[in-house]
Amino acid sequence: MMLATPWLLAVFLAVVALASPSPAINEIRQPSNKPGRFLSLPVPNKCAQRPKEFNYRGRNYFFSGNLPQYRNAKLDWLDARNACREYCMDLVTIETQEENNLVFTLIQKGDVPYIWTSGRLCDFKGCENRRDLEPKNVFGWFWSATRQKMAPTNQVPASFNFNPWSQTGHKKVRQPDNAEFDINGTNESCLAVLNNVYSDGISWHDVACYHEKPFICEDSDELLNYVAATNRGIRL
Ligand SMILES: [Ca+2]
Ligand SMILES: [Ca+2]
């Protein structure tokens, strides 16, 4: 790269500083086409009083629609993550069929049209030149709350007996299909669970992250540990 003047160099370094990871708890910067959006830090008071709607394997969950302050709220994917993170939670990470059943039951009983999960396509800075993520639509998905890779999207995940990704969608092909890219050039980089939107029952879909949806939060071990370690005597 040619940098002509010290001024240009300063601009370049400022951009690099903005883009480079910051330490520990706030290291995970979400990609966004709106510059300057970051992940929120947990708020100890909110963590101590976080909503505990149900519990599975030691972690608490809540659905945004059951909270007065979010009853009719729909947020884009990053805002939804941040709403959870202030409570020491994050968007739900669906690791087992049992956990998937809890999510599906909540959606079914509440007649919820769709929810965000923490599922994310690794298609941002840091995901380049990763042969293990190719092709992206099969191997490029991970859970952002835990940073664990998902099972390849064309396979039945371990601990499932079916593939939770929908067999259909806007283009009448199995998900993920990145369908919105053909419409307006936006990638479908976030994982939502949709309730029969394509007459396909409750199932997983890749959706563009700017869409606004209600959400399910799940306890974040990382954020709870961080707040416990930095707030002596706090009860979480
Ligand atoms: Ca989970
Ligand atoms: Ca899709």
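Tutor: Start with a rule: two strands pair if DSSP finds at least two bridges between them. Helices (H or I, at least four residues) and strands (E, at least two) are DSSP runs, numbered from the N terminus. Now take strand β1 (residues 54-56) and β2. Their pairing is antiparallel, over 3 bridges. Asn55 faces Asn60 in β2.

Student: What kind of model is this?

Tutor: It is a predicted model, where local features need pLDDT of at least 70, side-chain atom pairs count only at pLDDT 80 or more, and totals for chains, interfaces and linings use all residues. Residues are numbered from 1 along each chain as its sequence is written, while chains are lettered from A and ligands numbered from 1 in the order in which they are written.

Student: What is the mean pLDDT of the protein chain?

Tutor: pLDDT is the predictor's confidence in each residue, from 0 to 100. The mean for the protein chain is 89. A value of 70 or more is reached by 85% of its residues.

Student: Where does pLDDT stay under 50?

Tutor: Over residues 1-31. For that stretch the model has 20 contacts beyond four places in sequence. A contact means two C-beta atoms, placed from the backbone, within 7 Å. Where pLDDT is low, predicted coordinates should not be read in detail.

Student: How many helices and strands does the protein chain have?

Tutor: There are 7 helices and 9 strands. Take contacts between residues at least 6 apart in sequence: 61% of them join residues at least 24 apart.

Student: What lies between β1 and β2?

Tutor: A turn of 2 residues, which makes the two strands a hairpin. Arg57 sits in that turn, with a positive phi of about 50°.

Student: Which residues of β9 stand opposite Tyr61 and Phe62?

Tutor: Tyr61 faces Glu218, and Phe62 faces Cys217. Strand β2 (residues 59-63) and strand β9 (residues 216-219) run antiparallel, with 3 bridges. Strand β3 (residues 89-91) also pairs with β9 in the antiparallel sense, over 3 bridges. There, Met89 has Asp219 as its bridge partner.

Student: In what order do the strands of the open sheet come?

Tutor: Its 5 strands follow the order β6-β5-β4-β7-β8, with antiparallel pairing. β6 (148-149) and β8 are the edges: each has a single partner strand, so one side of each lacks a neighbour in the sheet.

Student: Which residues of α4 are buried?

Tutor: Count C-beta atoms, placed from the backbone: a residue is buried if 20 or more others lie within 10 Å of its own, exposed if 12 or fewer, partly exposed in between. In α4, Asn100, Val103, Leu106 and Ile107 are buried. They share one side of α4, because their arc around the axis is only 125°. That arc is taken from the directions from the helix axis to the C-beta atoms. On the other side, Glu98, Asn101, Thr105 and Lys109 are exposed.

Student: What covers the buried residues of α4?

Tutor: The cover includes β2, β4 (114-121), β7 (190-195), β8 (202-207) and β9. One contact partner of Ile216 is Val103; others include Tyr61, Phe63 and Leu106. Over the protein chain, buried residues make up 32% of the 236 residues.

Student: Where is a positive phi found after α4?

Tutor: Most residues other than glycine have a negative phi, and most peptide bonds are trans. Asp111, which follows α4, has a positive phi near 50°. Asp111 belongs to the loop between α4 and β4. It counts as exposed because 8 other C-beta atoms lie within 10 Å. Ser159, in the loop between β6 and α6, has a positive phi of about 75°. Ser159 is exposed too, with 12 other C-beta atoms within 10 Å.

Student: Which peptide bonds are cis?

Tutor: Glu134 to Pro135 is cis, with omega near -10°. Pro135 falls in the loop between β4 and α5 (136-139). Gln175 to Pro176 is also cis, with omega near -5°. Pro176 is in the loop between β6 and α6 (179-184).

Student: Which residues does Ala208 contact, leaving aside neighbours within four places in sequence?

Tutor: Glu180, Thr186, Asn187 and Glu188. Ala208 sits in the loop between β8 and β9. Ala208 is partly exposed, because it has 19 C-beta neighbours inside 10 Å. Its C-alpha atom is 8.5 Å from that of Leu191, 17 residues apart along the chain.
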